[in-house]
Amino acid sequence: VDVSALHEQVLFSQVRVKVGQSGGSGTVIYSEPSAPGSATFNTYALTCHHVIDDAIAVKDEWDPKVGRQRRREIRQLVTVEFFDWSNVAHGNRPLNYSADAEIMAYDKDHDMAVLRLRTIKRAPYIATLMPDGEQKALIIGSPVVAVGSALLHDPILTEGIITHFGDEIDGKLYWMSNAQIIFGNSGGAVFHAGSRYSFIGIPSRVAVTGWGNTPITHLGYFSPISRVHEFFREQTFDFLTPGSGKTEADCEAERRTIRDREERKLLVEAPTAPASMG
């Protein structure tokens, strides 16, 4: 095992995501200039929806613009914690520092969410996502590494193989590996251990059994990379997919067009206000 590659391509890309006293894991997947030639960078992390769900609320409020009650979504900032192993003596736990992050996109059914960090420096370590379509070369027995903040600990590495394809849970496809995971790994990563470590999925579930719902840690479900790319396309964040040909600005413009179209539709459908008698 090339331990340096394991650290730089897997371990160091991991962050801990916290909402209040609860949380899980995340993976830094993008850090590029905010505009061509810019000295500031936009950095994104991927996690599970259920990790950040408590930061999302929906309220019913009167909107005078359209003259009716509307539901308004409120997304709180979440905390993303980085780990630095380079600044401590050998054998000591890593230093950690935190940054605020905005919830940019999420999907409860996919159990995925995209976070944009409120930072301006380039993230030093970024996971490499397996390009869409290359996952077809993976087979049962392909070696993998899982990583995440198990029980909200500093990131933990476990090794294994892909053990199963094709399980459907709530209508969504999941893969399974025997790289052990536990609560807190949610939102972390599973990497294929090939010529380089490629991100192939997000740990999100673990099999349980018995009256006490005892977790079976070597029966770990993860959302496969094919669904990650599907989520990016559906949310118009497909600039995060390698080789998509989209830029962050392209996707932002597309989302703005969609929002404007929906807003115009609401205005057209708004009831006519009664004439004033005053």
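1. A patch is built from residues with over 30% relative accessible area and no salt bridge, like charges being joined within 9 Å and nonpolar side chains (Val, Leu, Ile, Met, Phe, Trp, Tyr) within 5 Å. A salt bridge here is a side-chain nitrogen of Lys or Arg within 4 Å of a carboxyl oxygen of Asp or Glu. Leu151, Phe183 and Val208 make up a nonpolar patch of this kind on the surface, and together they have about 320 Å² of accessible area. Accessible areas come from the Shrake-Rupley method with a 1.4 Å probe, and for residues only the protein chains shown count as cover.

2. The model is predicted: local features need pLDDT of at least 70 and side-chain atom pairs count only at pLDDT 80 or more, while totals for chains, interfaces and linings use all residues. Residues are numbered from 1 along each chain as its sequence is written, and side-chain values use heavy atoms, with hydrogens and water left out.

3. Phenylalanine 183, one of the patch residues, sits in the loop between strand S11 (172-177) and strand S12 (189-193). Helices (H or I, at least four residues) and strands (E, at least two) are DSSP runs, numbered from the N terminus. The relative accessible area of phenylalanine 183 is 47%, so the residue is partly exposed; buried means under 20%, exposed over 50%, and partly exposed in between (1.4 Å probe, protein chains only).

4. Arginine 205 belongs to strand S13 (residues 197-209). With a relative accessible area of 32%, arginine 205 is partly exposed. Its side chain makes a polar contact of 3.4 Å with the side chain of tyrosine 174. A polar contact is a pair of N or O atoms within 3.5 Å; within protein, one must be able to donate a hydrogen and the other to accept it, and residues adjacent in sequence count only if both atoms are side-chain atoms. Leaving aside neighbours within four places in sequence, the contacts of arginine 205 (heavy atoms within 4.5 Å) include Ile169, Asp170 and Tyr221. Isoleucine 182 is 23 residues from arginine 205 along the chain, with 8.5 Å between the C-alpha atoms.

5. Arginine 227 is in helix H3 (residues 225-234). This arginine is buried without a salt bridge, and the nearest side chain of opposite charge, glutamate 230, is 6.0 Å away. For charge, Lys and Arg count as positive and Asp and Glu as negative; His and the chain ends are not counted. The side chain of histidine 110 does make a polar contact of 3.0 Å with that of arginine 227. Other buried residues of H3 include Val228, Phe231 and Phe232. After H3 comes threonine 236, with a positive phi near 55°.

6. Glutamate 248 lies in helix H4 (residues 248-269). Glutamate 248 is also buried with no salt bridge; arginine 116, the nearest side chain of opposite charge, is 4.1 Å away. Side-chain polar contacts link glutamate 248 to asparagine 42 at 3.0 Å and to tyrosine 44 at 2.5 Å.

7. Histidine 164 is part of strand S10 (residues 156-169). Its relative accessibility is 32%, so histidine 164 counts as partly exposed. A polar contact of 3.1 Å joins its side chain to that of aspartate 167. Not counting residues up to four places away in sequence, histidine 164 touches Ile140, Trp175 and Met176. Tryptophan 62 lies 50 Å from histidine 164, C-alpha to C-alpha, and 102 residues away in sequence.
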